[in-house]
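Look at the structure first, then read the points by topic.

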Amino acid sequence: MRPWPGSAYPLGASYDGAGTNFAIFSEVAERVELCLFDHDGEETRVRLTEVDGFVWHCYLPGIEPGQHYGYRIHGPYDPARGLRCNPNKLLIDPYAKAVDGPVRWDEAVFGYRFGEPDERNDSDSAPFVPKSVVVNPYFDWGSDRPPRVPYHETIVYEAHVRGLTINHPDVPEELRGTYAGLAHPAMIEHLQLLGITAVELMPVHEFITDHHLEQRGLANYWGYNTIAFLAPHHAYAMASGRAGNQVQEFKAMVRDLHEAGIEVILDVVYNHTAEGSDMGPTLSMRGIDNHAYYRLVEDDQRYYMDYTGTGNSLNVRNPHTLQLIMDSLRYWVTEMHVDGFRFDLASTLAREFYDVDRLSVFFDLVQQDPVISQVKLIAEPWDVGPGGYQVGNFPPLWTEWNGKYRDTVRDFWRGEPGTLGEFASRMTGSSDLYQADGRRPYASINFVTAHDGFTLADLVSYNDKHNEANGEDGNDGESHNRSWNCGVEGPTDDEDVLALRARQQRNFITTLLLSQGVPMLLHGDELGRTQGGNNNVYCQDNETAWMDWSLAGKNAALVGFTGGVAALRHAHPVFRRRRFFAGRPIRPRRSRGTPEVRTALPDIAWFAPSGEEMTEHDWDSGFGKCVVVFLNGDGITEADHRGERVTDDSFLIMLNAHWEDIEATLPPAEFGTRWAVVVDSATGEVTSLATAPGTVAAQPDTVASGAAQVVPARSVLVLQRVEAATR
């Protein structure tokens, strides 16, 4: 096979309809061989002789989509100096757009001999490692357009591609657990019922199961073990598809979700790779250019800096590693049409040298990139290194998983004293974290539960984690969960306990969906999904972690309640403001012909159960378990997307985290003369009063200003104003 010179750009394998261009970066390589594999696994080697700027490249006419390939890198091997080239190890292309097959954990995939870590292993790894695949770049997107849902109108649903549909009875069996299954009409209907505007998919970049997990009969279920940043995970595609077809199937999923108005956000893991520590396998970057791709310990380059707890950290100080990350992000937006990214352990990407630097090169590149800067960018703002907890410290373009929101809301509803002041801040968008640098309430991605930790049902059913099935003697997973089992650990037949657990779940859902910021719901929380108290199901690819869709019938009331509160949020902009509350009187702008409002009310006000506005003493009270919040629909200062005045109904949110009923007095008449309950977490009822702001569809039972309203123990009442004060 006679190669043509080809081009150094783009990196990876690029099919043009007549053949394929191959290009790979390696500064340390002395010789590079491109290895092509036929259907029988027979290998043909093509030596690359063209090198430009440390990029080795060639063009092969007639090489078509479906072709399996890999690389062998000849160069220095000296682990003490961080050099690990070994041509006996077949390597995955870092720019591969598809990868086929799992790792078969033979000793040959390692660069050393078992039991003798200093002895080089020259066994051929080709029979045991996945192969890169040339893909067809052409796809009929039709009229696909990104939904571009504004942040303040977004409701995120964190989901696992396989676990979400693997047991769904209305999804055809061959589609379950796949990209196609996620976009099945039955799933889209469910997402729309919940008011979801974006699915945040747990890792779909090609990943592998760790050796130690496979030895224990477990799997890397979550997928935070990436080996190829441009390739959709092959096991999430339909089994009948040909190699590389996962790209087409993923694109079809995105297209179908977009048609339903649902965005696709990817959970991406650019902080480390599946090659792990110095004792890990040689699968890709380690053998291509170890120095360039990984952060090495400076005084002993045999070892890797580990800010992630997984064995290595990518070297974002190197321009070629930065290029890989940026090229990957750009590819997923431009070619795969995704709408945003959630960056796992994002603080790692900010480590220029040792400390976390919020203005590091990576964030500078994102800021100026015309493609990446325009999609949703969500940081998990911590890593396991020193100073890694950076909630509130990311650049203005970014939003963040707000871990402080999670912790405070959990503490409030389990009855911890002294939490009311911080709870108020978290519920109103965490201005203490985001306002100073010009960010908005939607910089806060609010969540109570996520994949890492208890599900919502388990949060109210377990005081302690129960991770025995993971085989790590209970040493894995968070031990301080801020959970409360409502009196009994785990499953129970006690009706009172079950009723309290159901109420607590509704309290969390109501708080989450009616807080300022962007709510994120964990998949299955709307069904009451349980993991049996396991708060770290990263290795449980089984019923423990999968969605149990039989709960959709058993807990239909919870599904309906969740969708009802989400609909309330969507219908009323007062729950999803684009600006922080001012906390002072706001005189609303009036349209021509409408009377002037004589008394300006604050855009938000806080009342004690007595009906008096909260004082410093009330905020500092150790009890602090009941509060009434007034949200002024006439006090929204921002305009809509057409520059028109935003007006809404006004609401009271009455929260009682105490174990007894509390009688709360409604605010005085200037805030509103009559009110109607539209959400009651104690009963699970959600009532829709209006088809549009200010338009009452039915006359409900109402409560007058100054009247006493019983707020049941551990519950939320939401009251909508149906009669304003006399003007």
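Asp634 counts as buried, at 15% relative accessibility; buried means under 20% relative accessible area, exposed over 50%, and partly exposed in between (1.4 Å probe, protein chains only). This is a predicted model, in which local features need pLDDT of at least 70 and side-chain atom pairs count only at pLDDT 80 or more, while totals for chains, interfaces and linings use all residues. Residues are numbered from 1 along each chain as its sequence is written, and side-chain values use heavy atoms, with hydrogens and water left out.

**Salt bridges**

- Asp634 forms a salt bridge with Arg645, with the closest N and O atoms 4.0 Å apart; a salt bridge is a side-chain nitrogen of Lys or Arg within 4 Å of a carboxyl oxygen of Asp or Glu.
- Arg645 is partly exposed, with a relative accessible area of 29%.
- The structure holds 29 salt bridges.
- Arg439 pairs with Asp437 in a salt bridge, the closest N and O atoms being 3.4 Å apart; Arg439 is buried at 3% relative accessible area, and Asp437 is partly exposed at 25%.
- Arg414 and Asp411 meet in a salt bridge of 2.9 Å, N to O; Arg414 is partly exposed at 23%, and Asp411 is buried at 11%.

**Strands and sheets**

- The order S14-S15-S18-S19-S20-S21-S22-S23 describes 8 strands that close into a barrel with parallel pairing; strands (E, at least two residues) and helices (H or I, at least four) are DSSP runs numbered from the N terminus, and two strands pair if DSSP finds at least two bridges between them.
- Strands S18 (residues 263-268) and S19 (residues 340-343) run parallel and are joined by 4 bridges; Leu266 has Phe341 in S19 as its bridge partner.
- An open sheet of 5 strands, ordered S4-S3-S7-S13-S10, has antiparallel pairing.
- Strands S4 (43-48) and S10 (99-100) are at the edges of this sheet with a single partner strand each, so one side of each has no neighbour in the sheet.

**Helix packing**

- The axes of helix H7 (residues 319-334) and helix H8 (residues 361-368) come within 11 Å and cross at roughly 35°; axes are lines fitted to C-alpha atoms, for helices over the stretch in contact, and angles run from 0 to 180 degrees between N-to-C directions.
- Leu322, Ile325, Met326 and Leu329 in H7 meet Val361, Phe362, Leu365 and Val366 in H8, where contact means heavy atoms within 4.5 Å.
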